[in-house]
Amino acid sequence: MAFLILGVFGSAVAPVAKELELPASPDQLPHEVECTRYEPQPGSYQEMADLNGDGDMERILWYSRFGDNCNFASAVLVYSSLFYAQPLLQYNGPRMTSKIWSGYCLDVWGDAGKEVILTKTTFDSVWLEILCFGPTLDITDTITILAAVGQGLSSPGGWHSLHCAPLAGIDINGDGSRDLIYCRTAKPDSAFERAIIGYDLKNRAQIWSYSLGDQTNLNVFNMVSTSFGDTVFAFTVLSTGNRYVSSNGYNSQRAYALTIDRYGKPLWSHEVGGTFFYPACRVIDLDGDGQVEVLATNQSADTIRPKVTLQAYDLTTGLAKFSTEEIPASGGDVFVYGGTDGHPPSVFFTAYDTLIHSIHSFDGQLRRTASCDGVSALGVADLDRDGSPEVFAGLERSRLIVLNSKLDLIAFSVILDRDLPALVQRQPFSFQTFDNAIYGITLLERPMALVLWAKYKWLVVGVLGSSLILLALFRVQVRRLVLSAAGVPGLDRIDSLVLIVGRSGDLVYVNHHRLADRLLGRNHSAGRPLSETDISRHRSLCDLIARPLDKDFTPLSEQVEIGADGGSIRLAVAVYPRLDRSRKFDGKIVIVEDISHKIDWQRKVVLGEAAQRWMHKLKGSVATARIQLDNIREDSRLVDLAQNPLLRSYLETIEQNLQQTSQTAAKVLRFSSIGQPNRAPVDLNALVGEAIRSNTGALGESIIVVKKLQPDLPRVSLDGAQISEVLDNLLSNAIRAVKSGGTLTVTTQLATELHCSAEEEGVVLSVADTGAGISPSDLDRIFAPGFSRSGSTGIGLALVKEIVENHGGIVEVTSEPGVGSTFVVRLPLERDQHGA
């Protein structure tokens, strides 16, 4: 969250704007704020005060619960501090069935501690009950006075709202004992007169009453001694929207700032706002001249775009002395810190509106020094005890922030599971929420090293990570340079396994090749003895590598055959000497190549050439037989075929067998003449689409074809003609399997489950049908040349297997009788080098 800070530098009046960002973590700020929540009892209210004058705060809790016969069960609980869950005492009082409307803590008697004053009601009466506490927090005295009697109340629940609160304790009539100043107002508006009352506690009698248009309260009421040794009360009257009342020249639809003396006589008054304006009021010595001023908020007459100013009035004359510039707001509160040591105080004003909340600080002449938009203050206190005030405020998303006197953010914390309302400061180091929970607040300085680490740790981690990556790349490059200096550059690009073995038999280097895991096992890191790898299981290969070279370091070159995966593979192995800079023997360089496919291919070429000669002779014999068969049909000297249907049937059978023999010979000839794949970048999905279109005529209306082709499949280096032949054979078999109706599903996708390496990327092509399926006994022979259950040549699937394996792939089949079959072709992904 970002909010705006405005500041004044030097003697300039125009504030300078700067933006303040709330960091992602509170650890990045120079202070740490700790909040401890203390829950009230359900339906109760609480306050904090020093009741016995020992300097420690007690927690006071009171509640009223509705009972039978419209009575209440009321009580007051006193706890020795916020931290104790068990109360020191419980007080019910003489009017325990009355409802407690509110409670206050105020020094009435002028002793070291404060008294608890409860506002209680019965059907039509309002009572103030004063509880006095001794040094051990026991109740030493209670005083109950009748504060007001309501008129025209229709029922026991006739009070809509009630505000009857103590304001000050002072000797009004000069008899040497303390008297009480309290205010009262209520709804219904006609219940009793709104007024401030001076009450003689000693004689239980009202001394004077000063009528008001609306209410005042303890937060805006100030009692101050003048330079003449007299006492003056300065306060504001709030306009709470009551019905129109006019008394002593005060209109209930307007707000006022005024002073009266201790005898209830008015000194001066000023109208400061309209309806629903709650003006704040403080009495302070702004300019440090020893004379106090009354500081009150004033509201402009513009109700559409209201503005508020802080106005300072002379205490005795009411003349305006200082004023701030207008601040866009509909109301606000004033916090004052300091000013008791001869120095001007710090003044903070919280302005609020429906859309804008802001905090403003002012100097001794009400010139604005800083402003912060987007936040409203909860309170002002020297939280870190350094002599300078801090402002703490609530934000959305349950965050409490702390600002210094310049309104710079110094700490924040998440304290609630919901948004913070406009909270109330109860004591210098605590505040209270609208759900009546009290929070104790502590501000601690965070070590600068931790702040810097919280701010820049990800930068440090990034730099260290980048450094490690660069170091690793540097080591790889140095390694390559060393290997290049040894005469074997670019070893990772060689299509063979390369081993560099040190003089002591330790592995110095292994390039990235698929034979590495196959021969050495997974754990073949550099520095490990070669004899401790899986290569020790292949005795012939180990013996060749260990064989000493002659004095001229003549390389060794042999072929060895080793067992692997239930069969055997043939390897071509070359062993070269590794020489140091002085041309001395320093180990061996071993190059291993798998030549099994080359030998198999040579064998296939020889057999293929022989098969081609045989098939050509067979095709010639079949052609000769067909010619002779045509001669028999056309020779008139022989029996008329029309008159001899049996002979005609024999001749047709012979012709069909000759045709089938010719087709079989052609497929065998094709099978024996398959060459090595002529690879080129191919779009496999395009090949699938073309193969389906070429077989459309054989599908029929009862066969449904479903294509599941991966759209982002990369171009693959394949022999397009050969793979098309694989697709034609698989589709032909699938169509025959569902000739009476069914579904064919053709799928393409990327995969990493190839036979050569679980980490090698590949493509998968599958053709599935919902036909009759293949019996389990036939699955092992399905790819054998000549095997067929459908009367076909038995060459098609053998051709598929041959082409797929020539591409370095595998073909698999799964089938369930009565459900269908799926043929899966897996091919290594040799991408187009130019990309597509």
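Trainee: Which residues does Leu 146 touch, not counting residues up to four places away in sequence?

Mentor: This is a predicted model, in which local features need pLDDT of at least 70, side-chain atom pairs count only at pLDDT 80 or more, and totals for chains, interfaces and linings use all residues. Residues are numbered from 1 along each chain as its sequence is written, and side-chain values use heavy atoms, with hydrogens and water left out. Contact means heavy atoms within 4.5 Å. By that criterion, the residues touched by Leu 146 are Ser 125, Val 126, Trp 127 and Tyr 182.

Trainee: Why does Leu 146 count as partly exposed?

Mentor: Leu 146 lies in strand β11 (residues 139–149); strands (E, at least two residues) and helices (H or I, at least four) are DSSP runs, numbered from the N terminus. Buried means under 20% relative accessible area, exposed over 50%, and partly exposed in between (1.4 Å probe, protein chains only). Leu 146 is partly exposed because its relative accessibility is 39%.

Trainee: What distance separates the C-alpha atoms of Leu 146 and Ser 125?

Mentor: Ser 125 is among the residues that Leu 146 touches. The two are 21 residues apart along the chain, and their C-alpha atoms are separated by 7.2 Å.

Trainee: Which residue in β14 is the bridge partner of Tyr 182?

Mentor: Two strands pair if DSSP finds at least two bridges between them. Strand β13 (residues 179–187) pairs with β14 in the antiparallel sense over 5 bridges. In β14, the partner of Tyr 182 is Ile 197.

Trainee: Which residue in β15 stands opposite Tyr 199?

Mentor: β14 and strand β15 (residues 205–211) run antiparallel and are joined by 6 bridges. They form a hairpin with 4 residues between them, and Arg 204 in the turn has a positive phi of about 55°. Opposite Tyr 199 stands Gln 206.

Trainee: How many residues of β14 are buried?

Mentor: In a regular strand the side chains alternate between the two faces of the sheet. On one side of β14, Ala 195, Ile 197 and Tyr 199 are buried, as are Ile 196, Gly 198 and Asp 200 on the other. For this strand, residues 195–200, the buried count is 6 of 6.
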